[in-house]
Amino acid sequence: MKYTLEDQIVLITGGSQGLGKEFAKKYYNETENTKIIVVSRSEAKLLDTCNEIRLAAHLRKETSDEGQVQHKLAAPLDPEQRLFYYPCDLSCYESVEKLFNVLRDFELLPTQTLCCAGGSVPKLFRELSGQDLNQGMDINYKTTLNVAHQLALAEQTREHHLIIFSSVTALYPFIGYSQYAPAKTAIKSLVAILRQELTNFRVSCVYPGNFESEGFTLEQVTKPKITKLIEGPSDAIPCKEACDIVATALARGQDDVFTDFVGWMIMGMDLGLTIKKSRFVALQWLFGILLNIVVVPFYLAGCSWYIRKWFRENDSKKDT
Ligand SMILES: NC(=O)C1=CN([C@@H]2O[C@H](COP(=O)(O)OP(=O)(O)OC[C@H]3O[C@@H](n4cnc5c(N)ncnc54)[C@H](OP(=O)(O)O)[C@@H]3O)[C@@H](O)[C@H]2O)C=CC1
Ligand SMILES: CCCCCCCCCCCCCCCC(=O)[C@@H](N)CO
């Protein structure tokens with residue numbers, strides 16, 4: 001199934017900001033017929049996003065309409081309109097069911113779905129609240145799980161391209177990400193199973209390294225220093241760059257997508273009983289095996305030493 005932007009109906013979860021919004025812009029600006037539905041919880045953010053995308057196109061003189069455009073996915077639907085929003089908490093299954101009923105009613109069942117909703121609260125395990133822990137699974141796993149399930153039920157025979165956003169932390173879990181990484185690993189596992197079961201689907205999984213977004217700015221505030229140190233090699237790239245990298249990789253037929261070199265290496269080291277369709281996959285695999293033998297044991301020993309040292313220094317600071 002070829003990945004093309006044009007002539008699609010695309011559902012973007014987490015489309016109000018960050019990478020989801022970047023994809024919404026990309027589809028809107030680079031196609032003529034594709035219809036886009038952005039979903040997230042906050043109606044205010046969604047409306048702002050739609051207005052911003054629409055206004056930018058108008059200023060470039062690509063659209064003539066100056067008046068108020070109806071962006072909300074609600075009757076009466078403007079036949080000229082291509083960008084819609086629908087507020088929905090996707091971690092709640094019943095809400096996702098409602099969303100799909102609305103999509104069915106408007107004949108807007110998607111041909112492509114991008115599951116961008118997600119986010120992390122990086123803190124040490126003991127500093128997280130019960131609510132943080134719940135949100136970790138709800139926002140990162142359940143949003144994707146619920147949408148994938150409703151899609152699977154809605155599309156029994158037609159082709160569908162499902163694009164899911166995990167994280168490099170799914171392949172390499174480390175200190176500070178206890179609220180987040182396990183949920184992203186759950187996504188990886190789900191993807192492997194959906195690839196076997198949903199035979200009319202193309203299921204792609206993206207494992208991004210750091211990129212700039214509203215969510216990223218927020219997580220930097222609570223992120224422990226030691227976490228920043230370990231993820232240092234994955235310097236945050238601009239959001240647009242991450243979006244273009246993913247789109248290019250998908251167009252090339254890759255289904256296990258990374259956004260930086262560190263991601264490629266870590267994916268290579270992640271052996272196991274899953275098939276990978278990634279860039280330079282043979283080289284990645286060889287490289288991964290070699291690194292697993294020659295580098296990983298020393299790297300991990302170094303990491304543990306550093307983490308212990310960091311805790312010692314932190315504890316002595318607390319005592320004084
Ligand atoms: N930025 C980074 O460095 C990295 C990000 N990723 C992953 O990539 C994806 C995009 O990241 P990024 O652009 O930074 O994300 P942001 O945190 O900037 O945006 C997250 C989006 O998800 C929406 N969302 C959150 N919870 C729900 C929910 N329950 N129901 C519906 N929508 C929800 C938010 O909107 P609202 O609040 O209105 O609901 C928002 O639109 C995420 O899955 C993230 O985990 C992976 C690796 C690195
Ligand atoms: C031989 C061994 C070499 C190992 C090199 C180690 C480099 C680690 C880089 C990890 C990058 C993690 C990015 C997480 C992004 C993310 O998901 C958050 N921004 C949450 O949103």
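How many bridges join strand β1 to strand β4, and which way do the two strands run? There are 4 bridges, and β1 (residues 9-13) and β4 (residues 112-115) run parallel. The model is predicted. Its 7 strands form an open sheet. Two ligands are placed in it: ligand 1 has 32 residues around it, and ligand 2 has 17.

**The sheet**

- The strand order is β3-β2-β1-β4-β5-β6-β7, and the pairing is parallel.
- β3 (83-87) and β7 (256-258) stand at the edges. Each has a single partner strand, so one side of each is left without a neighbour in the sheet.
- From one strand to the next, the twist averages 15°.
- Strands of a sheet pair through backbone hydrogen bonds, in either a parallel or an antiparallel way.
- In the pairing of β1 with β4, 4 bridges are found. Leu11 stands opposite Thr113 of β4.

**Helices on the sheet**

- Helix α3 (residues 93-105) packs on the sheet and touches β1, β2 (35-40) and β3. The direction of α3 makes about 150° with that of β3.
- Helix α8 (residues 239-251) lies across β5 (160-165), β6 (201-207) and β7. Relative to β7, helix α8 runs at about 150°.

**Ligand 1**

- Of the 32 residues around ligand 1, the nearest are Ser16, Leu19, Ser40, Arg41 and Ser213.
- A polar side-chain atom of Ser16 lies 2.7 Å from an oxygen atom of ligand 1. For Gln17, a polar side-chain atom is 2.9 Å from an oxygen atom of ligand 1.
- Asp89 faces a nitrogen atom instead: an N or O atom in its side chain is 2.9 Å from a nitrogen atom of ligand 1.
- On its own, ligand 1 has 890 Å² of accessible area, and the protein covers 94% of that.
- Helices contribute to the shell around ligand 1. α1 (18-30), α4 (130-154) and α6 (214-222) each supply at least two of its residues.
- By class, this shell has 17 polar, 10 nonpolar and 5 charged residues.

**Ligand 2**

- Ser167, Tyr180, Asn210, Glu219 and Tyr299 come nearest among the 17 residues around ligand 2.
- Ser167 has a polar side-chain atom 2.7 Å from an oxygen atom of ligand 2. In Tyr180, a polar side-chain atom lies 2.9 Å from an oxygen atom of ligand 2.
- Glu219 contacts a nitrogen atom of ligand 2, with an N or O atom of its side chain at 2.7 Å.
- The accessible area of ligand 2 on its own is 600 Å², and the protein covers 91% of it.
- The shell around ligand 2 comprises 10 nonpolar, 5 polar and 2 charged residues.

**Backbone details**

- A cis peptide bond joins Ala75 and Pro76, with omega about -5°.
- Pro76 sits in the loop between α2 (43-59) and β3.
- Asp7 has a phi near 60°, which is a positive value in a residue other than glycine.
- Asp7 belongs to the segment before β1.

Definitions and conventions: Residues are numbered from 1 along each chain as its sequence is written. Chains are lettered from A and ligands numbered from 1 in the order in which they are written. This is a predicted model: local features need pLDDT of at least 70, side-chain atom pairs count only at pLDDT 80 or more; totals for chains, interfaces and linings use all residues. Side-chain values use heavy atoms; hydrogens and water are left out. A residue is near a molecule or strand if one of its heavy atoms lies within 4 Å of it. A polar contact is a pair of N or O atoms within 3.5 Å; within protein, one must be able to donate a hydrogen and the other to accept it, and residues adjacent in sequence count only if both atoms are side-chain atoms. Accessible areas come from the Shrake-Rupley method with a 1.4 Å probe; for residues, only the protein chains shown count as cover. Ala, Val, Leu, Ile, Met, Phe, Trp, Tyr, Cys and Pro count as nonpolar, Asp, Glu, Lys and Arg as charged, and the others, Gly among them, as polar. Two strands pair if DSSP finds at least two bridges between them. Axes are lines fitted to C-alpha atoms, for helices over the stretch in contact, and angles run from 0 to 180 degrees between N-to-C directions. Contact means heavy atoms within 4.5 Å.
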